[in-house]
Amino acid sequence: MLVLLPPSEGKASSGRGAPLKLESLSLPGLTAAREAVLDELVELCAGDEEKAREVLGLSEGLRGEVAKNVELRTAGARPAGEVYTGVLYDALELATLDAAAKRRAARQLLVFSGLWGAVGVADKIPSYRCSMGVKLPGLGALGAHWRTPMAAALPEAAGNGLVLDLRSSAYAAAWKPKGEVAGRTASVRVLHAPTRKVVSHFNKATKGRIVRSLLSAGVAPKGPAELVEALRDLGYVVEVEPPKGAGKAWSLDVLVDEIH
């Protein structure tokens, strides 16, 4: 199983350890594309601060994020699972998983990123600010920049197993499963049961809990149908829309009344 996660805007500060080593990150086929984004982002942020703020879509209160990006090559790196914070990652609580579940997380979870393309939760990265919606002056829209390298790297990472896609739409733009891989992919929405609407907090927190539940239980669904079964066994209320034809992803709705 491969689980695709969005990042979080909020991030923990960089660590005090060794700086970033691009060649050590998961999906080595993305290294050249990562280098290109990193070079331009650092150059942009080392120049005109107001221009950098405008390009990155940062408010006055987030001015300090520009300076953070200038230090990306020298700042201490820490595991991505510690860098990303926010509702989904608070609910996932990677740090409190048992040892076996942590090993599964390191193998199965990929976090999509405007700067890195996608990284494993054990990959060591510095704290940064660069969303997938950014258009860098030289490279252009990052969603488009990542499509070609992702098209080569992600099917290999997915192997022959289930792909559980929990990304938001901005990050889904960087890679869309196709063909046989799409037939093994399940995307998930979380709906507030009383209103049948997507509510941001319910959506993010429940997705974090779903991933935690699967990792903790050690279940390994081979495909979307087995995933539905596993989630129901774990106590989730799931409605399913099977794909309309070959090479189409499954759509799953998880219904929740409240978050505890």
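Which helix gives the most to the lining of the largest pocket? Helix 8 does, with four residues.

Some ground rules. This is a predicted model, where local features need pLDDT of at least 70, side-chain atom pairs count only at pLDDT 80 or more, and totals for chains, interfaces and linings use all residues. Residues are numbered from 1 along each chain as its sequence is written, and side-chain values use heavy atoms, with hydrogens and water left out.

Now the largest pocket. Its space is about 970 Å³. A pocket here is an open set of points on a 1 Å grid over the protein atoms alone, where a 1.4 Å probe fits, with protein on both sides within 12 Å along at least five of seven lines; lining residues have an atom within 4 Å of a point. The volume is the space filled by probe spheres set on the points, which are joined across faces, edges and corners.

The lining has 47 residues. Closest to the centre are Arg 167, Ser 168, Ser 169, Ala 170 and Tyr 171. Two or more residues each come from helix 5 (87-92), helix 8 (169-172), strand 10 (185-192), helix 10 (200-217) and strand 12 (250-256). Those elements are DSSP runs numbered from the N terminus: helices are H or I, at least four residues, and strands are E, at least two. By class, the lining splits into 22 nonpolar, 13 polar and twelve charged. Nonpolar means Ala, Val, Leu, Ile, Met, Phe, Trp, Tyr, Cys and Pro; charged means Asp, Glu, Lys and Arg; the others, Gly among them, are polar.

Next, the second largest pocket. Its volume is about 300 Å³. Of its 15 lining residues, Gly 81, Glu 82, Leu 94, Ala 95 and Val 121 lie nearest the centre. Helix 4 (80-83), helix 5 and helix 6 (99-108) each give two or more. Helix 6 gives the most, three residues.

On to helix 2, residues 49-56. Which of its residues are buried? Ala 52, Arg 53 and Leu 56. Buried means under 20% relative accessible area, with a 1.4 Å probe and protein chains only. Their cover includes helix 1 and helix 3.

Last, helix 1, residues 31-46. Its buried residues include Arg 34, Glu 40 and Cys 45. Helix 7 (142-158) is one of the elements covering the buried residues of helix 1.

Notes. Expected span 1.5 Å × (residues − 1). Buried < 20%, exposed > 50% of the residue type's maximum accessible area, 1.4 Å probe, protein only. Contact = heavy atoms within 4.5 Å.
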